[in-house]
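Here are a few notes to read with the model open beside you. Take them one at a time, and find each residue on screen before moving on.

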Amino acid sequence: RLAEWGESMTDLSDVLERYVSDGSVPGAVAIVAQRDQIEVAVVGSAAIGGDPMARDSIFRFASITKPIIAAAVMILIEDGRISLHDTVDSWLPELAEPSVVRTQASPLDDLVSATRPINVFDLLTSRAGYGFPSDFTLPAVQRLLGVQKDGREPQNFLPQDEWMAALSEIPMLYQPGDAWLYDTCSVLQGVLISRVSGQSLPAFLAERIFQPLGMVDTGFTVPADKLERLTSYYRTAASGALELADGPDGRWSTPPPFPLGNGGLAGTGDDWLAFARMLLAGGVTSDGHRLLSADAVQLMINNHTLPAQRKMGELFLEGQGWGFGGSVDIAPIDPWNVLGRYGWVGGTGTSAHITPSRLSIAILLTQV
């Protein structure tokens, strides 16, 4: 396979250029790596009609933020500040006595008490009882949507403590541990990190992850001197054309009221590559610094969910289970499923995965 590497990789730019040419995306940065071999493709423009895309262009990571946040929780565990099976009520007192809807379709006044407290493991595996299932019409989910708004619009969120107070008024959809539900648990992981560490989430990530890994362009805000590298972000209008959703001087140009652990980071392909290489190296950075133990990495990148727990979230998981902060391929449903592949995708057009069995990394950053 290595003998074929050079020939196969020469097609990467050509594949991406087709999507630029037909107007699907303004541009893209893709990185594919296996062991020490790295291929980078940079195509198109940073904005429609704008400057050419560059390797160091900055993208809104969206939900490929989640694995980074889970790694930060694991650092706190390895520091001895918390453990996997600690209940979270000491740090998240708003969730100390949650109510749960009697059935998933129950009205919001048909409630029972939680049968046990939420623990750290529940948060890491997205099984705390809060989050999004496949059916968004359920009453508790509709109520959650009023508080947990679109993560691609971080300036619309309440400040952290106010948001937690609002969440505490919403009943959980499932008992703790019973079901995998999307997104909310990653927000709660970010709150947990800030309260356990006594630092803001941006400060903790900068000190414990970004600086050791050399992720120099990743953060919840893009500084003024880097805004010229921030790509514009688009959505598809009803007409099928692309319309601007956020520009370089938009939502990431000023600090958000609430740094979102489910998708608030922006950064470059090379920054996420540094994080991915650390995971593949069993927790060791490129300069030999141990960021996580090998055991912690294995906990992150292996599936912790059962079929019954995944049933309500089938909209999000296709041939996949869930580790900590990312999916894990467990069935070859689609051609891209490779058993053990870990990572996730983001709603701004991002994708980042590692495949341990192949020692490979695949990152694709687009703007739609």
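Predicted model: local features only at pLDDT ≥ 70, side-chain atom pairs only at ≥ 80, totals over all residues.

1. Let's begin with a general idea: two packed helices are described by the angle between their axes and the distance between the axes. Helix α3 covers residues 66-78, and helix α8 covers residues 201-213. Their axes come within 11 Å of each other and cross at roughly 80°. Angles of 65 to 115 degrees count as roughly perpendicular, so α3 is roughly perpendicular to α8.

2. Which residues of α3 and α8 meet? From α3 come I68, I69, A71, A72, I75 and L76, and from α8 come L201, F204, L205, R208, I209 and F210. Sorted by class, this contact has 11 nonpolar residues, no polar ones and 1 charged one.

3. Helix α3 also packs with helix α10, which spans residues 294-301. Here the axes come within 10 Å and the crossing angle is roughly 140°. That angle makes α3 oblique to α10. The crossing of these two helices is right-handed.

4. On the α3 side of this second contact you will find P67, A70, A71, M74 and E78. They meet A296, L299 and M300 in α10. By class, the contact has 7 nonpolar residues, no polar ones and 1 charged one. Do look at A71 on your screen: A71 is listed in the contact with α8 and also in the contact with α10.

5. Now move to Q367, in the segment after β13 (360-365). Is Q367 buried or exposed? Its relative accessible area is 1%, so Q367 is buried.

6. R35 sits in the loop between β1 (27-34) and β2 (37-44). Its phi is near 55°, a positive value in a residue other than glycine. A62 is in the loop between β3 (59-60) and α3, and phi of A62 is likewise positive, near 55°, in a residue other than glycine. With a relative accessible area of 6%, A62 is buried.

Methods. Residues numbered from 1 in each chain as written. Heavy atoms only, no water. Axes fitted to C-alpha atoms, helices over the stretch in contact; angles between N-to-C directions. Helix = DSSP H or I, 4+ residues; strand = E, 2+ residues; numbered from the N terminus. Parallel < 35°, antiparallel > 145°, perpendicular 65-115°, else oblique. Left-handed = near helix turned anticlockwise from the far one by under 90°. Contact = heavy atoms within 4.5 Å. Nonpolar A, V, L, I, M, F, W, Y, C, P; charged D, E, K, R; others polar. Buried < 20%, exposed > 50% of the residue type's maximum accessible area, 1.4 Å probe, protein only.
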